There are 2 protein chains.
Amino acid sequence: MSQDARKKGEPREAGETRRQILQAAQHLFAAHGYRAVTTRQIAEACGITQPALYKHFGDKQDLYVSMLLGEVAQVKTALERIVQREAPIPERLRLTALYLLNNTRHDIGMMTHDMSTELSQDRQHILEHAFVDGLVQPIAALFEEGMRQGLMRLPGQDSVSPQMAALLFLNIIDLFTAQSFQDMAAEPRRSKTEQARLIVQLSLYGMAQRQERLDPL
Amino acid sequence: MSQDARKKGEPREAGETRRQILQAAQHLFAAHGYRAVTTRQIAEACGITQPALYKHFGDKQDLYVSMLLGEVAQVKTALERIVQREAPIPERLRLTALYLLNNTRHDIGMMTHDMSTELSQDRQHILEHAFVDGLVQPIAALFEEGMRQGLMRLPGQDSVSPQMAALLFLNIIDLFTAQSFQDMAAEPRRSKTEQARLIVQLSLYGMAQRQERLDPL
DNA sequence: CCTACCGATCGGTAGG
DNA sequence: CCTACCGATCGGTAGG
């Protein structure tokens, strides 16, 4: 699996192995979840032995948390750049959805499940904070701006907080990302661009006919 | 853990143990996922030893699948009863959401993840079919009726198939059910009744202000 | 339905 | 970074 030609047992460039481990961990954990991936699988994917992992990370949880923190930091940077653009809110939402459709490898449901069942309390809180700070907040800022402009309903009986709106938005993106759902839904193949547009439509206007008003509940 | 007073090693009433195992499995799997729950934990929760499980189920997968099939069958019955009522579509959607908020213990994300990573292909297909047949189809029928009545947008560039609409609806319910999300969202405590109403509002009308039309995308 | 037990595999450590 | 290895625990079986 390893692509470099160093002799076995010989350390490679400092930091290089660590980077490689994080990348292998990212792929494997994203595909199978925390519990189902073994430290031996990760090591093998990097061309090292399993005990060598512990030269770079304290334990399996540490590796998992480090990997996710790196991912979230990357996404945070990208989202903040999109949010600060000068463009109408729906357009910025569309760009956000498009970025996440193209770059999100972890489904959020699996991530939060692993967080809450496999990690120690301290590590849970670290990840939860990073997740809120890096993913939820930038999007929530967009919804808050929309509410201030009067484009969206204010939180209350008929709508939700900007943070919950962001979670809802992320959740819909997740649904489009998950392959298993697409298969069940008899949906036509759509490009990412079309998907992003549709996600914004559904988030803002729901599924009702535009000219009709259904019975208010 | 066992509540009956039979002597150890003595079989209890036929079918009773099986029912007890399924219930314990349901609680444990719902809380922790397939991989994290051991056959010994399930056995202990029923007051039997681990090898005794294999008198009732072929293996761990068989137990998991049997449990989920039972759950889905129960939900299917309830949803079909709601769908066949004589009431406006939004009202039937609200009752559907309310039922699922009160009775769904498995988050769908976890379930589909376990299905696709821990089960054999045959068993995957069995569960997927039951899930579509028992959960998705009844709700999709409701959305299809709404589309035929012209209350909802037809599938196409601006909307989705009835099946996808049902998945979207289920996904939003899931978001409200998941405790971990509620904590992040700075949301006020809402009763299940209010949550069900809000879920329908968001599904049908989205988050945009009613009187405004944002820039079409 | 129990006791006893198996091979496999897990995360992690010792020592170099 | 490797070899060698540990205790714990897993799903599942044998035999009664």
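**Entry: two helices of chain B**

I am working from a predicted model. I began with H7(B) and helix H9 (residues 192–205) of chain B, whose axes come within 10 Å and cross at roughly 140 degrees. That angle makes H7(B) oblique to H9(B). I looked up the hand as well, and the crossing of H7(B) and H9(B) is right-handed.

Next I asked which residues make the contact of H7(B) and H9(B). From H7(B) I noted Phe169(B), Ile172(B), Ile173(B) and Phe176(B). From H9(B) come Gln195(B), Leu198(B), Ile199(B), Val200(B), Leu202(B) and Ser203(B). Sorted by class, the contact of H7(B) with H9(B) has 8 nonpolar, 2 polar and no charged residues.

**Entry: H7 against H7**

I then followed H7 across to the other chain. Helix H7 (residues 162–177) of chain A packs on helix H7 (residues 162–177) of chain B at an angle of about 135 degrees, and their axes are 10 Å apart.

On the chain A side, I listed Met164(A), Leu167(A), Leu168(A), Asn171(A), Ile172(A), Leu175(A) and Phe176(A) of H7(A). On the chain B side, H7(B) brings Met164(B), Leu167(B), Leu168(B), Asn171(B), Ile172(B), Leu175(B) and Phe176(B). By class, the contact of H7(A) with H7(B) divides into 12 nonpolar, 2 polar and no charged residues. Going back over my lists, I see that Ile172(B) and Phe176(B) take part in the contact with H7(A) and also in the contact with H9(B).

**Entry: the whole interface**

How many residues of chain A are in contact with chain B? I found 64 residues of chain A in contact with 64 residues of chain B. The area buried between chain A and chain B is about 6,700 Å², and carbon and sulfur atoms give 61% of that.

For charged pairs, I counted 2 salt bridges between chain A and chain B. One salt bridge that I looked up joins the side chains of Asp158(B) and Arg197(A), at 2.9 Å from N to O.

I also checked one residue of helix H6 (residues 121–148) of chain B, namely Val132(B). Leaving out residues up to four places away in sequence, Val132(B) touches Met184(A) and Gln137(B).

**Entry: chain A by itself**

Back to a single chain. Chain A has 9 helices and 0 strands, and along the sequence its pattern reads α-α-α-α-α-α-α-α-α. Taken along the principal axes, the C-alpha atoms of chain A fill a box of roughly 70 × 35 × 35 Å.

I picked helix H4 (residues 89–103) of chain A and H6(A), whose axes come within 10 Å and cross at roughly 160 degrees. This makes H4(A) roughly antiparallel to H6(A), and H4(A) passes H6(A) in a left-handed crossing. Ile89(A), Arg92(A), Leu93(A), Thr96(A) and Leu100(A) in H4(A) meet Leu135(A), Ile139(A), Leu142(A), Phe143(A), Glu145(A) and Gly146(A) in H6(A). I sorted the residues of the contact of H4(A) with H6(A) into 7 nonpolar, 2 polar and 2 charged.

**Entry: salt bridges**

A search of the whole structure gave me 18 salt bridges over all chains. Among them, the side chains of Asp133(A) and Lys76(A) meet at 2.8 Å, N to O. Asp133(A) lies in helix H6 (residues 121–148) of chain A and Lys76(A) in helix H3 (residues 60–83) of chain A, so this pair ties together parts that are 57 residues apart in sequence.

Methods: Residues are numbered from 1 along each chain as its sequence is written. Chains are lettered from A and ligands numbered from 1 in the order in which they are written. This is a predicted model: local features need pLDDT of at least 70, side-chain atom pairs count only at pLDDT 80 or more; totals for chains, interfaces and linings use all residues. Side-chain values use heavy atoms; hydrogens and water are left out. Axes are lines fitted to C-alpha atoms, for helices over the stretch in contact, and angles run from 0 to 180 degrees between N-to-C directions. Helices (H or I, at least four residues) and strands (E, at least two) are DSSP runs, numbered from the N terminus. Contact means heavy atoms within 4.5 Å. Ala, Val, Leu, Ile, Met, Phe, Trp, Tyr, Cys and Pro count as nonpolar, Asp, Glu, Lys and Arg as charged, and the others, Gly among them, as polar. Buried area is the accessible area (1.4 Å probe) that two parts lose on being put together, summed over both. A salt bridge is a side-chain nitrogen of Lys or Arg within 4 Å of a carboxyl oxygen of Asp or Glu. Angles under 35 degrees count as roughly parallel, over 145 as roughly antiparallel, 65 to 115 as roughly perpendicular and the rest as oblique. A crossing is left-handed if the near helix is turned anticlockwise from the far one by less than a right angle, and right-handed if clockwise.
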